[in-house]
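Morning, everyone. Please have the sequence and the model open while I talk.

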Amino acid sequence: MQLGQDETPLDVGQQRQVRPIDATDERLFSLWSMVDRDTMGNRYELLDDLVDDSNEIAHYHGHGQHGGSVSGRIVIKRDFEAAYKRLCEQYFNGDESLYTAQQFKRRYRVSPSIFEKVYQQLLGKGVFRRPDKLDACGRKGIHPLVRMTAAFRVLAYGCGADREDENLSIGESTVHDAVKSFCKLLIQEFGDEYLNRTPTVAERNRILKHNKTRGFPGLFASWDCKHFVWDNCPVALQGQHKGHHAGGKYTKILEAIADGSCYIWFVHFGAPGSCNDINVLDKSSIVGALLSGQLDLKTEPYEINGTIRDWMYFLVDGIYPNWAIFVKTIAKEAREATPHLDFYASRQEGVRKDIERAFGILVKKFHVLARPIRTWREDDMRNILYACIILHNMCCAERLEVTGQDVLETEYHDDYTDEEVNLTTADGGEQFIFNRVPVPTSDAANDMETLMTERFHRVNALYNHLGDPEKHLQLRTDLVAHLSGRQAEK
């Protein structure tokens, strides 16, 4: 066809690319030439050979099939119905189940009641939809109970995704999807109740009463960090994630606070392993929650050594700054010659182990955290960690409901009694924080500029009070005197 005056030839990228004939094409042509009319009865065998050769040509030239099954994929005929029935007979058949409730709790890491609560809340969402719809072969899909069991096993044992295929008849990619969906849905459905929230009045009173019997009136929780190994850390990020923890491996840091019952109240995750606790504190979302009011430290006034305060504080190790909300130990060199300082330091270090025990229980209960976490994305690693913390807090809350007391509640009960303190007789003065912080007025709610200005002044004043080093030293001095006085009375 001749081109007109207004017509232009196709661009180079639009022209049809013709590749040279190679050995594979010659083989294909030779197969066609071997066919005669007397041997057309074997046309099906010839067609199979032609399909195999065409797949080789497509693979050689980088052009895969459009739709259909993946070439070379192995098809395993799994019996999903039998796996579901077998699982029900083992754990979900009431009193006639093969395994007991104690064995269930050991293998799922949660009690049957917690599992039932999670299962009913997540049923019908994500990959845990009901298997009512049949597939192209007329079979039912994997039951959501089987998917959730596989997700619990991966978190509990830290095993490979294909480990449960023999018992649950579930493939590797299906388990990966189940774990990711389970963690996201668990955070979505239970995160507001069991993660990053201020305790209720009843919970706060229980915590304060428990810590008062241990010799620390006004204590809320312990504050510390822990490193978790990131096995599949990308090469581009390995420099900032390599630190001195775990033998120089690539880690991510979890910052958390936990009370005496090992309940983890607030967490912050994502700092690279090359940071120390001070670097993590500088960009901590827990500090942001303190300033924004999401974590409210205001409490009823209490008295320590004659000084009245209205804020709760935390026990930390020696690396943390001298903030009013932090109570640190005393260096060994400074306390050797003074018995009451040594007694205070030993008691502070002992109570501060609450956060260490919480980390230990979390890792021992969910082995996926004890081993290098094999995820490529940081958000997947965060979701796994937060899901394990939520399940851990659910177990702690259940234990408190059943027993009605904290772990080791009577640890120092013989030494310290919960006696009423008359605040009007306190002779050490007042060190209030929240009473001195400005509160946004109701009239400013209609004026956004005024409201934001007042909020800024409040946050700035609160930060200055909470980070006051003089209040920090005075609080530690009062605690030393308080503990030494109780020890002398004993």
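First, the ground rules. This is a predicted model, where local features need pLDDT of at least 70, side-chain atom pairs count only at pLDDT 80 or more, and totals for chains, interfaces and linings use all residues. Residues are numbered from 1 along each chain as its sequence is written, and side-chain values use heavy atoms, with hydrogens and water left out.

How many aromatic pairs does a search of the whole structure find? It finds 24. Rings of Phe, Tyr and Trp (its six-membered ring) pair if their centres lie within 6.5 Å; planes under 30 degrees apart are stacked, over 60 edge-to-face, the rest tilted. Take Phe152 and Phe182: their ring centres are 5.0 Å apart and the planes meet at 55°, so this pair is tilted. Phe152 is in helix α6, Phe182 in helix α8, 30 residues apart. Helices here are DSSP runs of H or I, at least four residues, and strands are runs of E, at least two, numbered from the N terminus. Buried means under 20% relative accessible area, with exposed over 50% and partly exposed in between (1.4 Å probe, protein chains only).

Next, Phe220 and Phe314. Their centres are 5.8 Å apart and their planes at 70°, so the pair is edge-to-face. Phe220 lies in strand β1 and Phe314 in strand β6, so the pair ties together parts 94 residues apart in sequence. Phe220 and Phe314 are buried.

Last, helix α15. Its buried residues include Ile355, Phe359 and Leu362.
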